[in-house]
Amino acid sequence: MIDLSSQVRPDSGKPAAIRSRRKKLTFDKVSFMVVFLGLPLAVYVIFVISPFVQAAYYSMTDWSGFTANMNFIGLDNYVKLFHNATFMKALGNNIILVIVLPLVTIILSLILATLVTVGGSSRGQIKGLKNSSFYRVVSFFPYVIPAIIIGIMWTQIYDPSNGLVNGILTSLGLDQFKSFPWLGDERTAMVATMFVIVWGFIGFYMVLFVAAIKGIPAELFEAARIDGAGRVRTMVSITVPLIRDNIQTAYVYMGILALDAFVYMQVMNSGGGPNNSTLVMSQQLFSTAFTKNQFGYASAMGVVLAAVTLAFSGLVFLVNRLTGGKDDAR
Amino acid sequence: MMSLKQTSRRRAVPMELLGKSKETSGDKAVAAVSHTMLIIWSLIVILPLLWTLMTSFKTTREIFASPFSLPGQWNFDNYVSAWTTAGIGSYFVNTIIVVGFALIIVMVLGAMCAYVLARFKFPGSRAIYYLMLAGLTFPIFLAIVPLFFILKNIGLLNTLPGLIIVYVAFALPFTVFFLFSFFKTLPHEIGEAAAIDGAGEWRTFFQVMLPMAKPGLASVLIFNFLGLWNQFLIPVALNTNVGHYVLSQGMAAFASQAGYAVNFGALFAAVVITVVPVLVVYVIFQRQLQGSVSAGTNK
């Protein structure tokens, strides 16, 4: 920022001012900058930034989309939104998801990653479990399956009468599950759905954490062992603090996913589930916009969704910093 | 990624040397428990997939009879009917067109933008970088309503080109973000050497920098492929013409319709058709992909 005066916007063409500091602006250079920066930025601004800005404006109108009529109504949509019991229920479900999903996924994948990396011998070189690459390859399978397919597959697996889950349970003698509707019962719909999402992501984060743990210098583990730390102690006191930035990244990614969750919910319970127990904000937004044509109202929902997402990411960064994580200078 | 390879190589040597060191009984117990837990987890992953595969060969009547019975006849009837009558074939073609073009365009645009941001200093470059970061955090749901009308106004709503350009725009921030750090690490001397040899900016980029960035490009390509192949919301909202359906939305439509028309055999077959190509590609390239995961997230 300090040497701003000596730098010239590359496409504004004042060669004299910068000749002393850098090479002269040639056609080559100018055309290069215009195309290389201008083209991607144009696409980005038109199709990403401008919709975000427009949505913020629409959220303060009563626009129905197909008429030119658009009245500015200030924050009325938001007031209406917070008195809408269904939306508040959806918001609550999203909050449950954002608390449970990252926590469960990350803890389980950390445990699996630890088993793979430090399950080996306690003598000599620190090493991972033998033949563990098989587990890594298999664990990653769900990540390459599209979310929509995961949803369809598991809807069939949970099927009350022909599904795999009830098939296994009844063959174990648990006859009360003979035709138990996992996704159709208010008590289990949310848990069953969360299980599916966790199933889809554990492998990915496990691979991520395995890579992170392998990046820790082996000397640290050796030192811990010499000091008498067992495996669990090593994991809690050495591994987790050293890969906390990876955990933070994973937490944010997983949380953003939990606040969306549209695909899973839409496939497994498109109507929001029994008594709206699996309804999420994104589903509400989608039906408000594209079936009820209340575009202004839907945009207000989008703004709330974005606000919650940003608040969540901010919170994760804050907690990580307050608990002694390295500050995010990058 | 490079450092990762080095560490694993550095460790690989002593591992083999020490491989014959004696294991204590405690170690054996830990290893046994670890293997047991990992095997249970692997079964949780694999069983649903195998069950889906098996069921895809059963007739709807057999599916209703029992979840465990083997198919009476192993034939591809379900696959044929999924591919033709359910239209999975045409969805497949549409998806390949959309994802293929979007990938090519986003890789070119993303690499260009990341290169300029990483290698040139000019006022506003930092601001542009943060603008890109913002696009990564904001939920796409916020943009979807205005996007609908932007495409409508330029006449690209419900068309494949419209879908492609939106895919490109939303894959762009991740691509730039990832490649930005990659181009940063390339040594400056190389660009200077190219300039001394008389290469202009264009030539330096396409003939020197781009080939050097290949490992980074490959990683981003894989992630973008998975992301776009999975994309569901954008096509469902912006591409409602059945003839232009992509695989994910076609499958969703098929699944919700199968509840009434009840051709479950074909539904399972369609699931297998969608999963198998990507799974096969994954198993072939899994080394590369797992390298990408670590490279992409350890930044």
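In this predicted model, A:Asn275 lies in the loop that links α13 (262-268) and α14 (281-290) of chain A. A:Asn276 also has its place in the loop between α13 and α14 of chain A. Most residues other than glycine have a negative phi.

A:Asn276 has 20 C-beta neighbours inside 10 Å, so A:Asn276 counts as buried. Here the cut-off is 20 or more.

Chain B was considered next. Its secondary structure consists of 14 helices and zero strands. Chain B has 299 residues, and 42% of them count as buried. Contacts between residues at least 6 apart in the sequence of chain B were also sorted by separation. Of these, 78% join residues at least 24 apart.

Chain B also touches chain A. The contact takes 85 residues from chain A and 85 residues from chain B. On the side of chain B, helix α2 (residues 25-55) gives the most, with 16 residues. The residues on this side of chain B divide into 57 nonpolar, 22 polar and six charged.

One helix pair between the chains was examined in detail. Two packed helices are described by the angle between their axes and the distance between the axes. Helix α15 (residues 295-322) of chain A packs against helix α7 (residues 140-153) of chain B at an angle of about 155°. Their axes are 8 Å apart. The angle makes α15(A) roughly antiparallel to α7(B), because angles over 145 degrees fall in that class. The crossing of α15(A) past α7(B) is left-handed.

The residues that meet at this crossing can be named. From α15(A) come A:Phe295, A:Ala298, A:Ser299, A:Gly302, A:Val303, A:Leu305 and A:Ala306. From α7(B) come B:Phe141, B:Leu142 and B:Val145. The residues of this contact divide into eight nonpolar and two polar, with no charged residue.

Methods
Residues are numbered from 1 along each chain as its sequence is written. Chains are lettered from A and ligands numbered from 1 in the order in which they are written. This is a predicted model: local features need pLDDT of at least 70, side-chain atom pairs count only at pLDDT 80 or more; totals for chains, interfaces and linings use all residues. Axes are lines fitted to C-alpha atoms, for helices over the stretch in contact, and angles run from 0 to 180 degrees between N-to-C directions. Helices (H or I, at least four residues) and strands (E, at least two) are DSSP runs, numbered from the N terminus. Angles under 35 degrees count as roughly parallel, over 145 as roughly antiparallel, 65 to 115 as roughly perpendicular and the rest as oblique. A crossing is left-handed if the near helix is turned anticlockwise from the far one by less than a right angle, and right-handed if clockwise. Two residues are in contact if their C-beta atoms, placed from the backbone, lie within 7 Å. Ala, Val, Leu, Ile, Met, Phe, Trp, Tyr, Cys and Pro count as nonpolar, Asp, Glu, Lys and Arg as charged, and the others, Gly among them, as polar. A residue is buried if 20 or more other C-beta atoms lie within 10 Å of its own, exposed if 12 or fewer, and partly exposed in between; C-beta atoms are placed from the backbone.
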